Amino acid sequence: MVQVQLAEGRAGRTMTQPGFGEAARPHLGWLYSLARRLIGDPDTAEDVVQKALLKACRSFDEVRDLDALPAWLKRILVNCCRDHWRSEGRGFDETSMEDMEGPSLYRILAVEDPLPYSDSLHLDFLSTFTTEDVWAVLARLKTIYRVPLVLVHMEGYSTAEVADLLDTPRNTILSRLHRGRKRFETELWDYAQERGLLRDLEGATS
Amino acid sequence: MISCSEAVEQLWEYLEQELDEVRRGQIEEHLAFCRRCCGELEFARELRGFLADAARPRLPSDVEGRLTSFLDEIEGQNVEGVEGE
């Protein structure tokens, strides 16, 4: 729980405009969902949402047009996520990136042929993953790779929008996205082996 | 003509339409004769859908209750702060 220490904001809005609570309440669902995807851990995600709400409440006077509220809240939430990563020593501003050598997941599956009785090997492989498995695999990625992957491929942002949201050059986002996809593929394969997902499927298809 | 590894490296960017015209043309030229890379492309497309379709985490009712109380608390403090001035 975030401790509310003092109220610095001013409720200087007209009586016809909703208060912050009323305006923010419809957005709690997607704010939490986005925080979960970006942060991973549920308790930490809730904590980050509270920090974002507190910051937003204190400067709610800046919002003149309520249609702009979602984009404004989103930016505050992402900034709070960045504060969290910095405090954990996992800054999003990290510049070093790993080399991602090695075959694609498509090739790994073709060579290893883990489901010899399957005539749709690649699709059957993906079908072994539940939503919880996907989150677990994403959580294994370094923050600098997971965040662009989530924002572009799960939240539907363009790379230009992500660059703006994270205040990071677009080329850096593109490069992290590229490495993030490769790492995600590798982690899918490792996860499936560690959890015995393929063994279960092999039993079902043979 | 680009190699298979060069083509595979760029397939996601190709699907995202992030490539310039020259590189896009190189990929399409390669895909026109390479069956294996067509398989790679199809799988990359499936993987993109796989990520996009992963359900959003729901807002559990207990978390919703706590966040709503938190909103009431911080808004109450803000109003008190103004009224007390």
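This dialogue walks through how to read some features of a predicted model.

Trainee: What should I know before I start?

Mentor: This is a predicted model, where local features need pLDDT of at least 70, side-chain atom pairs count only at pLDDT 80 or more, and totals for chains, interfaces and linings use all residues. Residues are numbered from 1 along each chain as its sequence is written, while chains are lettered from A and ligands numbered from 1 in the order in which they are written.

Trainee: How many helices and strands are there in chain A?

Mentor: Start with the rule. Helices (H or I, at least four residues) and strands (E, at least two) are DSSP runs, numbered from the N terminus. Chain A has eleven helices and zero strands. Read from the N terminus, its elements run α-α-α-α-α-α-α-α-α-α-α.

Trainee: How do I read burial?

Mentor: Count C-beta atoms, placed from the backbone. A residue is buried if 20 or more others lie within 10 Å of its own, exposed if 12 or fewer, and partly exposed in between. In chain A, 33% of the 206 residues count as buried.

Trainee: Is A:Leu77 buried or exposed, and why?

Mentor: A:Leu77 is buried, because 26 other C-beta atoms lie within 10 Å. Its place is in helix 4 of chain A.

Trainee: What does A:Leu77 touch, not counting residues up to four places away in sequence?

Mentor: First, the idea of contact: two residues are in contact if their C-beta atoms, placed from the backbone, lie within 7 Å. On that basis, A:Leu77 touches A:Leu31, A:Leu34, A:Ala35, A:Val49 and A:Ala52. Across chain A, residues 24 or more positions apart account for 70% of the contacts with a separation of 6 or more.

Trainee: Which residues have the most contacts inside the largest nonpolar core?

Mentor: A nonpolar core is a set of buried Ala, Val, Leu, Ile, Met, Phe, Trp, Tyr and Cys residues joined through C-beta atoms within 7 Å. The largest one has 59 residues, and A:Ala35, A:Val49, A:Ala52, A:Leu53 and A:Leu77 have the most contacts inside it. Helix 3 of chain A gives the largest share of this core, eight residues. Take A:Ala52. Leaving out residues up to four places away in sequence, A:Ala52 touches A:Leu31, A:Leu73, A:Ile76, A:Leu77 and A:Cys80.

Trainee: How do I describe two helices that cross?

Mentor: Use their axes. These are lines fitted to C-alpha atoms, for helices over the stretch in contact, with angles from 0 to 180 degrees between N-to-C directions. Helix 3 of chain A and helix 4 (residues 69-87) of chain A have axes that come within 9 Å and cross at roughly 125°. That makes the two helices oblique. Angles under 35 degrees count as roughly parallel, over 145 as roughly antiparallel, 65 to 115 as roughly perpendicular and the rest as oblique.

Trainee: Is the crossing of helix 3 of chain A and helix 4 of chain A left-handed or right-handed?

Mentor: A crossing is left-handed if the near helix is turned anticlockwise from the far one by less than a right angle, and right-handed if clockwise. This crossing is right-handed. Among the residues that make the contact are A:Val49 and A:Ala52 of helix 3 and A:Leu73 and A:Leu77 of helix 4. By class, the contact has nine nonpolar, two polar and two charged residues. Ala, Val, Leu, Ile, Met, Phe, Trp, Tyr, Cys and Pro count as nonpolar, Asp, Glu, Lys and Arg as charged, and the others, Gly among them, as polar.

Trainee: At what angle do helix 2 of chain A and helix 3 of chain A cross?

Mentor: Their axes cross at roughly 125° and come within 9 Å. They are therefore oblique to each other. Helix 2 of chain A passes helix 3 of chain A in a right-handed crossing. A:Leu31 and A:Ala35 of helix 2 are among the residues that make the contact.

Trainee: How many residues does each chain give to the contact between them?

Mentor: Chain A gives 34 residues and chain B gives 31. Several helices of chain A each supply at least two residues of its side, including helix 2 (28-39), helix 3 (42-58) and helix 10 (170-194). That side of chain A divides into 17 nonpolar, eleven polar and six charged residues.

Trainee: Where is B:Ile27 found?

Mentor: B:Ile27 is in helix 3 (residues 21-31) of chain B. B:Ile27 is buried, with 21 other C-beta atoms within 10 Å. Beyond its neighbours within four places in sequence, B:Ile27 is in contact with B:Ala7, B:Gln10, B:Tyr14 and B:Leu19.

Trainee: What should I look for in phi?

Mentor: Most residues other than glycine have a negative phi. Phi of A:Asp113 is near 45°, a positive value. A:Asp113 is in the loop between helix 5 (105-112) and helix 6 of chain A, and counts as exposed with 10 C-beta neighbours inside 10 Å.
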